[in-house]
Amino acid sequence: MRMNRKLFLKLENNKVLLAVTLVMLAAASTSAFGETPEEKGLAIAEEVDRRDLGFGDSSSLLKMELTNKQGQSSTRELRILTLEVPERAEGDKSLVVFDHPRDIEGTAFLSFTKILDPDDQWLYLPALKRVKRISSANKSGPFVGSEFAYEDLLSQEVDKYDYRWLRDEACGEAADGLACFVIERFPRYENSGYARQVTWIDQQEYRPIRIDFYDRKDSLLKTLTLSRYNQYLGQYWRADDQYMVNHQTGKTTRLTFDEWELRVGVNESDFNPNRLKRLR
Amino acid sequence: MTGLSAPAQDFDFSGFVAGETRIFPDKAQFPGQNNSHISPSLVIQPELRYRWNGRDDRITFVPFLRLDADDENRTHVDIRELNWYRQADDWDVVLGVSKVFWGVAESRHLIDIVNQTDLVESPDQEDKLGQPMANLNLLRDWGTLSFFVLPGFRERTFPDDDARLRGALPIDDDPSYESSAEEWHVDFALRYSQTIGDWDFGLAHFYGTSREPQLIPTVDSDGNAFLRQRYDLIHQTSLDAQYTTGPWLLKLEALTRDGHDGDRFFAAVGGFEYTFFGAFESNTDLGLLAEYLHDGRDSGTPATPFEDDIFLGTRLALNDVEDTELLAGVILDLDQEERIFSVEFERRLSDNLNLEIEGQVFDNIDSNDLLSGFEDDSFVEIRLSWFF
């Protein structure tokens, strides 16, 4: 178990403890090897989910910087609100409101995430004061021209994927010094743009550190790196920096989050389609 | 909204300035009508918002000004919004001038009735005048119930006698009303809306002054023919529904209206929008739209060209950084074979600058038809908007 190298080295000074630890590790390994890579992958995903249970709701301001291959960039500013729906069979509710560029100020996007069924989504267009129910079949489509697809941004629910644990290894640059589980996940929902995703989850806090996205032809399409994590309410980790690189086009999108707030007590009625016109 | 790290109070100033020009390739049809091929215009619409009480209370002010080189009626000022909004968990209220949109269809906004059409802005009837109202919305598990009291009627705007897109006869600007209270009749509306699974629907009733006037041919003492506007009191009950499944949107708007000189009538527009997401192996979404328009109104009712028509259209969204979008379509009259082609194109040029191009072509228009006055008024409009 390479991930425990640091711990291991520390313990080397204490031979007794080391012996005890080795026995415990051996015991742990036995049970670990008793489960299949699929079971282990699912168990890790469930632990990620369990540790994030109870955040209630969150709000954040975020800046989205889109850069093309030539290095030209443009910026969007938006607010994201999430309402936790605790039932495992249901997904969270998300609300996105645009502040910048000015011509789309007040445009709002509301999504009720489902597990395997299509999400319910609405769009509000301020110029016409019109709320439109929209098709959620465009899961793999780019979100406002960025390298994030809708399915990358919307809430990640355990049962949306099948899992397989691949290996344990160092998390790499994004989380220097940390050990990671590497698990593969396969979308179970319809209309995904991906054959699979490979995710690096840090073993201490169960935070996603990196995700490799493979397109439907199973070629590497994108890599998302999550960094600058902060902990809120003594439990919940949120990344302030999410950087997506598209390997096939050379385009990148960087999300910089500002002012994460959890359990602020957002109201369920903020997530009513009839309130979308009142977010400005 | 409570959850957005909202300051106790804040003030926000935004809006846009737009320079635009209409291009009319054809000469004007009627003597005395302005013949210029190029018709420039300037629009300013600032938006002021003051919010307090953690955004639960808000005052919004959106004045609108257009200066038009050729159409005196198109040069106009309006208050699009001036209202106080107060929200609580399961209700909110709007007092003042505001704008409300009802409906789902693309080709015709049949049931949208709260705000008067600002017709000088565009013949597509999508621009609206501000409407004074007291509006209470109850947001409950069983749906949203909206009550409207609408004091103060707004007359529809029409292009000036010598302007393009005025129609076959000049329209008099001294309307008559069925109500003795004239434009001060207080109108009422009620709407119930709800989402159940893949269905979104609304049921509404409106009682008050019709937003559409009857246009009654009249001859003045000098023997000149013109149209006199008459606004009747009507009852209108409407349904709007959308069923969303996979890449399909199925849409229906239907109404029944009574109160004009003619009989109670039924009208509907219904159809679908189907989207190919990621079409052409790219990020482009390609939508195909088809709608059928029926209107059973008889004489003694404000006339409509959409009695038995089909709309076919396509929507292209490139999903690029510039949000490039194109909507093109045609409304085909199934009885008289008239065609109205329309195109709307939009693209962001920079953080603050937006380009829109709109075009309408009136084709194969019968000389006896309602649209005959528009035959030579096909146009392209180019608009550059600067947002601040």
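## Reading the model

Tutor: Begin with contacts along chain A. Among its contacts with a separation of 6 or more, 48% are between residues 24 or more positions apart. Keep in mind that this is a predicted model.

Student: What pLDDT does chain A average?

Tutor: Chain A averages a pLDDT of 87, and 88% of its residues score at least 70. Over residues 1-13 of chain A, however, the pLDDT is below 50. That stretch has 13 contacts in the model beyond near neighbours in sequence. Where pLDDT is low, the predicted coordinates should not be read in detail.

Student: How many helices and strands are there in chain A?

Tutor: Chain A has 4 helices and 13 strands. Of its 280 residues, 38% count as buried.

Student: How many residues of chain A are in contact with chain B?

Tutor: On chain A, 36 residues are in contact with 43 residues of chain B. β1 (57-67), β2 (73-83), β6 (130-134) and β13 (252-262) of chain A each supply at least two residues of that side. By class, the side of chain A that touches chain B has 11 nonpolar, 12 polar and 13 charged residues.

Student: In what order do the strands β8, β11 and β12 of chain B stand in their sheet?

Tutor: These 3 strands form an open sheet in the order β8-β12-β11, with mixed pairing. β8 (176-177) and β11 (214-219) of chain B are at the edges with a single partner strand each, so one side of each has no neighbour in the sheet. β8(B) runs parallel to β12 (residues 225-231) of chain B, joined by 2 bridges. Y177(B) stands opposite Y231(B) in β12(B).

Student: Where is E72(B) found?

Tutor: E72(B) is in the loop between β3 (57-68) and β4 (76-87) of chain B. It counts as partly exposed because it has 13 C-beta neighbours inside 10 Å. The C-alpha atoms of E72(B) and T256(B) are separated by 36 Å, and the two residues are 184 apart along the chain.

Methods. Residues are numbered from 1 along each chain as its sequence is written. Chains are lettered from A and ligands numbered from 1 in the order in which they are written. This is a predicted model: local features need pLDDT of at least 70, side-chain atom pairs count only at pLDDT 80 or more; totals for chains, interfaces and linings use all residues. pLDDT is the predictor's confidence in each residue, from 0 to 100. Two residues are in contact if their C-beta atoms, placed from the backbone, lie within 7 Å. Ala, Val, Leu, Ile, Met, Phe, Trp, Tyr, Cys and Pro count as nonpolar, Asp, Glu, Lys and Arg as charged, and the others, Gly among them, as polar. A residue is buried if 20 or more other C-beta atoms lie within 10 Å of its own, exposed if 12 or fewer, and partly exposed in between; C-beta atoms are placed from the backbone. Two strands pair if DSSP finds at least two bridges between them.
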